[in-house]
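Here is a short briefing on the assembly shown below. Keep the sequence and the 3D view open while reading.

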Amino acid sequence: MNARQIHEMGVAELAAAIADKQTSSVEAAQALLARARQHESLGAYLAFNEDATLAQARAADARVAAGERSPLLGVPVAHKDIFVTRDFPTTAGSKMLAGYQSPFDATVVARLAGAGAVTLGKLNCDEFAMGGSNENSAYAVAHNPWDTSRVPGGSSGGSAVAVAARLAPAVTGTDTGGSIRQPASFCNVTGIKPTYGRCSRYGMVAFASSLDQAGPMARSAADCATLLTAMAGPDIDRDSTSLDRPAEDYTAWLGKPREGASAAQPLKGLRIGLPKEFFGEGCAPDVIAAVRAALAEYEKLGATLVDVSLPRTELSIPVYYIIAPAEASSNLSRFDGVKFGHRAAQYDDLVDMYQKTRSEGFGPEVQRRIMIGTYVLSHGYYDAYYLKAQQIRRLIAQDFQQAFTQCDVIAGPVAPTVAWKIGEKGDDPVANYLADIFTLPGSLAGLPGMSVPAGFGAGGLPVGLQLLGNYFQEGELLQAAHAFQQATDWHTRSPEGF
Amino acid sequence: MSLTPNDIGRIAKLARLELSGPQSERMLGQLNGFFDIVEQMNAVDTTGVEPLAHPTAVIGEVALRLRPDVVSEPNNREANQKSAPAVERGLFLVPKVIE
Amino acid sequence: MSKQKQASLLVQGYEVVIGFETHAQLATNSKIFSRAATAFGAEPNTQACAVDLALPGTLPVMNRAAVEHAIRFGLAVGAHVAEQSVFARKNYFYPDLPKGYQISQFEIPVVQGGEVSFYLGDEKKTVRLVRAHLEEDAGKSLHEDFIGQSGIDLNRAGTPLLEIVTEPDIRSSAEAVAYAKELHKIVTWIGICDGNMQEGSFRCDANVSVRKPGEPLGTRREIKNLNSFKFMQQAIDYEVRWQIEQLEDGYEIQQATVLFDPDTGETRAMRTKEDAADYRYFPDPDLPPLVVARSWVDEVKAAMPELPRAMAERLVADYGLPEYDATTLTQSPAMAAYFEVAAKASGQAKMASNWIMGEVSRRLNNEEKDIAQVPVSAETLAALLKRIADGTVSNNAAKQVMDALWSGEGQDVDAVIEAKGLKQMNDSGALEAIIDEVMAANAPMVVQFRAGKDKAFNALVGLVMKASKGKANPQQVNDVLRQKLG
């Protein structure tokens with residue numbers, strides 16, 4: 001099997017090819033590593049360890065030779081550099097962790113490895129997952145393969161680039177305020193953020209503890225389902241926020257028609273709620289057009305569209321940008337130059353060491369969020385900011401429950417625009433924060449959400465359709481996404497030259 | 001509700017961050033810009049609303065799981081200290097801590 | 001308290017107000033949020049796992065035994081055990097605090113209220129508790145071996161602590177020590193803490209202030225790390241005198257944290273921490289609320305031993321013992337049990353108490369042994385006590401019997417008495433004969449006594465005892481000699 005075809009294959013196809021001995025895990029890994037080096041200028045990867053990758057690939061091939069067959073066996077994947085890995089350095093996109101070697105693997109990484117997946121390398125991201133464009137990475141800007149002068153989105157920018165440019169058939173990302181969904185939308189990639197607590201957070205460098213979730217990104221809902229099945233499930237021993245719900249086989253939802261539905265109209269009975277707040281002036285017309293066209297397809301598949309309201313959508317911006325930085329400011333206190341990570345070279349005393357270390361190690365956006373977080377938790381401000389935000393958070397979550405009495409799934413745009421030019425949003429944090437308006441509400445409520453390629457907007461740039469489900473309804477979402485992907489081919493498109 | 005340069009100094013100290021003069025000024029402007037949009041929250045009536053600390057608590061009780069009191073982490077000092085900036089005889093070294 | 005008593009506690013006219021905070025290390029095998037060991041004395045950082053070191057990606061998982069210990073404590077002090085309590089992060093930077101925050105409890109602790117009662121002299125005191133909450137211990141900084149640097153050992157980081165806070169009910173340094181000793185007894189009695197103060201298992205901080213009676217509370221200073229009862233009283237006394245001196249000289253007391261230096265006997269303020277108190281507490285998002293069901297509390301209650309104060313009161317009531325004896329005997333469950341067996345088997349409660357507090361404790365202390373290692377069983381002691389009571393041996397002779405029993409020469413009391421020929425002479429005829437002999441041989445002394453010199457009597461008693469080779473029953477000698485002397 002020659003190199004060109006390996007990168008064209010998604011997870012299912014590649015797993016089958018390896019199982020049928022048409023190729024090997026080693027061959028696939030080598031081909032994809034070569035391709036990654038060929039496209040280094042995209043800034044997708046931060047680290048490789050070829051010896052480790054090939055050792056994993058050889059072990060997978062041995063399992064295949066022993067007769068084992070499973071959906072991820074031998075399949076090369078890559079991990080967002082937020083997940084700690086024993087065999088690869090972890091930086092979380094920050095100078096603070098330059099060269100850091102974790103003595104353990106993140107649970108999600110270990111589970112994928114246990115299922116036979118092979119790690120190609122670590123993927124670029126916004127520093128400590130803070131950002132929506134990958135421009136906050138301390139190491140390299142990542143480029144959207146659809147237009148390399150544009151951002152791929154963030155914070156899982158490197159992850160989205162790797163899938164879109166076909167450097168890897170599937171990757172892991174993390175989503176705190178939209179960091180899987182938004183880059184997926186910008187890069188024509190399928191991604192899912194599960195219900196909060198569905199995937200273990202053990203081994204994810206913490207940003208905002210009550211919001212962070214791991215999830216897969218790939219070329220199809222089907223491939224996402226395969227990865228999510230391996231990634232998700234209780235981690236009772238290590239993560240106290242991990243849900244004690246039995247692991248599920250999400251692939252069982254694919255192609256399964258809804259009750260009472262037919263092959264022709266597989267989504268009959270599915271009520272799709274459209275929040276009026278997601279379709280107003282705040283969203284660019286080209287995005288709305290692509291989303292509405294996608295929704296028309298859903299109607300053809302048997303779904304009905306219903307108007308709903310999420311009245312506190314706009315409030316999700318201040319609420320999120322108080323809660324997330326507050327938690328982050330505390331989570332990042334461990335970076336003090338004492339036990340691991342960067343330490344300043346020159347300092348006068350302990351306090352000076354702390355200050356210089358942290359000021360050198362953290363980039364401007366991280367420092368900004370630490371400042372916000374520290375402020376809203378500080379004496380005299382806690383009630384007015386942090387506590388108030390958590391109260392409104394509950395109201396936002398209740399708004400969703402109200403909406404779900406009228407629909408099964410909520411749909412709308414992922415982001416107000418298509419990908420913008422690198423450097424365009426400048427240093428103005430608020431401009432960046434406002435762009436998160438459609439993904440933040442689902443994050444605050446802890447609901448599962450997907451981005452599904454839905455077409456193209458201005459400049460031929462990808463537009464994703466966001467699907468939000470009620471708690472624990474990852475299966476329903478994947479089912480709805482898969483049905484759409486059986487009837488359309490947006491998700492199969494690749495950017496020219498990749 | 002506007003922050004002052006004093007606030008910036010105080011918060012930076014709490015967070016062990018060192019901001020230069022221009023950096024402080026820029027930070028002040030950016031934070032004030034941010035807190036302008038935060039003002040929206042004041043208009044929301046949250047009387048009697050429980051804060052939502054754990055998202056899935058909206059649909060059911062979330063309780064802390066307890067594990068048995070068993071030691072299962074052996075000595076892993078070498079691996080754990082691999083990325084330490086300064087170590088001597090197994091101890092992490094820092095500038096002298098004055099009490 | 002009577003005005004007299006209150007007045008008698010005043011120091012130079014000032015009332016002393018003390019509140020205590022005690023950190024008791026809970027005796028669990030693993031840490032509160034990680035599965036590393038808690039044993040004392042390991043090589044640096046060999047008991048600090050990834051979670052304890054706050055390595056990126058690590059998360060806390062709660063130790064059930066730590067919660068159970070907290071419940072036990074709550075029941076022991078009559079407190080309310082909260083059905084739901086919350087863990088909060090206390091944020092500050094310090095090298096021995098790996099996460100840059102301590103996981104503790106802030107607004108809603110697991111144990112609320114409660115009280116500790118004890119005797120100060122013959123007066124019963126009760127100190128009210130505000131709360132007791134669970135939190136994790138920090139690591140240790142070592143300064144001696146490094147120049148200009150400190151070495152950080154995180155073995156202790158993550159050890160479970162119960163922080164026990166009192167109302168400012170204490171009014172003297174003596175009362176403070178008595179409270180601390182009683183609290184120490186409670187936590188070791190119920191088995192939640194090993195109480196080893198040298199190893200840091202039981203650490204006390206005293207918040208001390210003074211005021212003129214009737215005035216509002218003065219500004220308090222906190223004396224940290226009082227880790228011995230001896231220094232505790234010294235430190236508080238010094239601090240009180242220092243504060244009074246300051247006030248008398250016209251200065252105000254500034255809130256501060258102070259350390260006691262046992263070498264100088266003085267308290268000295270620690271380097272002031274700017275922005276001291278902004279810990280930015282917020283509920284820890286990594287830990288859902290702790291739920292303690294009523295049924296669990298009931299289970300723990302059913303398994304609780306009788307508590308020392310209650311047992312002491314029972315010993316006073318049932319055995320007629322003085323309060324002092326009861327308090328001393330209830331220093332540990334094993335000691336109290338030993339007493340009860342001996343008292344019941346011998347029927348001589350007070351004698352048993354005297355012997356246990358005296359002869360037995362003395363020998364145990366000399367050999368640095370615990371009551372658990374006592375070589376003479378309570379039943380054997382009881383047998384010996386019976387022989388004293390029935391006059392078979394004198395008290396002095398009994399001590400010799402004890403020597404033999406203790407060193408393992410024999411286990412049977414009567415056999416040892418026989419073997420050593422320690423039986424008291426009870427034969428009145430033989431005794432009279434000896435007394436007559438002595439009186440005859442010491443006629444001048446007899447004359448002296450009859451002439452009014454009482455001392456002569458004791459000398460004669462001594463001679464009789466000697467002549468009987470110690471076997472005479474002293475009481476009998478007294479009676480008969482008096483009779484004969486007239």
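How many helices and strands does chain C have? Chain C has 16 helices and 18 strands. Note that this is a predicted model.

**Chain C: overall build**

- The radius of gyration of chain C is 30 Å, whereas a compact globule of 486 residues would have one near 23 Å.
- Along the principal axes, the C-alpha atoms of chain C fill a box of roughly 95 × 55 × 50 Å.
- Of the 486 residues in chain C, 55% are buried.
- Take the contacts in chain C with a separation of 6 or more: 69% of them join residues 24 or more positions apart.

**Chain C against chain A**

- This interface brings 31 residues of chain C into contact with 39 residues of chain A.
- The two chains bury about 2800 Å² between them, and 58% of that area lies on carbon and sulfur atoms.
- In chain C, the residues that lose the most area to chain A are Pro56(C), Leu59(C) and Phe93(C). Together they account for 22% of what that side buries.
- The rule finds 2 salt bridges across the interface of chain C and chain A.
- Arg201(A) forms a salt bridge with Asp286(C). The closest N and O atoms of this pair are 2.8 Å apart.
- Polar contacts between chain C and chain A number 13 residue pairs, with both residues at pLDDT 80 or more.
- Two strands of chain C, β5 (88–91) and β17 (282–283), each supply at least two residues of the side that touches chain A.
- That side of chain C divides into 21 nonpolar, 4 polar and 6 charged residues.

**Chain A against chain B**

- Here 73 residues of chain A are in contact with 53 residues of chain B.
- Chain A and chain B bury about 5400 Å² between them, with 68% of it on carbon and sulfur atoms.
- Met371(A), Tyr375(A) and Arg394(A) supply 15% of the area that chain A buries against chain B, more than any other three residues.
- The count of salt bridges between chain A and chain B is 2.
- Glu18(B) forms a salt bridge with Lys356(A), and their closest N and O atoms are 3.7 Å apart.
- Between chain A and chain B, 15 residue pairs are in polar contact, both residues being at pLDDT 80 or more.
- Helices of chain A that each supply at least two residues of the side touching chain B include α10 (316–331), α11 (350–361) and α12 (364–377). Also among them are α13 (383–403), α14 (429–434) and α15 (440–445).
- α13(A) gives the most to this side of chain A, with 13 residues.
- By class, the side of chain A that touches chain B has 39 nonpolar, 18 polar and 16 charged residues.

**Leu467(A) in chain A**

- Leu467(A) sits in strand β11 (residues 462–468) of chain A.
- Is Leu467(A) buried or exposed? Leu467(A) has a relative accessible area of 1%, so it counts as buried, the cut-off being under 20%.
- Val409(A) is 58 residues from Leu467(A) along the chain, and their C-alpha atoms are separated by 6.6 Å.
- Beyond its neighbours within four places in sequence, Leu467(A) is in contact with residues including Tyr298(A), Val409(A), Ile410(A) and Ala411(A). Others among its contacts are Pro448(A), Met450(A), Val452(A) and Leu477(A).

Key:
Residues are numbered from 1 along each chain as its sequence is written. Chains are lettered from A and ligands numbered from 1 in the order in which they are written. This is a predicted model: local features need pLDDT of at least 70, side-chain atom pairs count only at pLDDT 80 or more; totals for chains, interfaces and linings use all residues. Side-chain values use heavy atoms; hydrogens and water are left out. Contact means heavy atoms within 4.5 Å. Buried area is the accessible area (1.4 Å probe) that two parts lose on being put together, summed over both. A salt bridge is a side-chain nitrogen of Lys or Arg within 4 Å of a carboxyl oxygen of Asp or Glu. A polar contact is a pair of N or O atoms within 3.5 Å; within protein, one must be able to donate a hydrogen and the other to accept it, and residues adjacent in sequence count only if both atoms are side-chain atoms. Helices (H or I, at least four residues) and strands (E, at least two) are DSSP runs, numbered from the N terminus. Ala, Val, Leu, Ile, Met, Phe, Trp, Tyr, Cys and Pro count as nonpolar, Asp, Glu, Lys and Arg as charged, and the others, Gly among them, as polar. Buried means under 20% relative accessible area, exposed over 50%, partly exposed in between (1.4 Å probe, protein chains only). The radius of gyration is taken over C-alpha atoms; the globule rule is 2.2 Å times the number of residues to the power 0.38.
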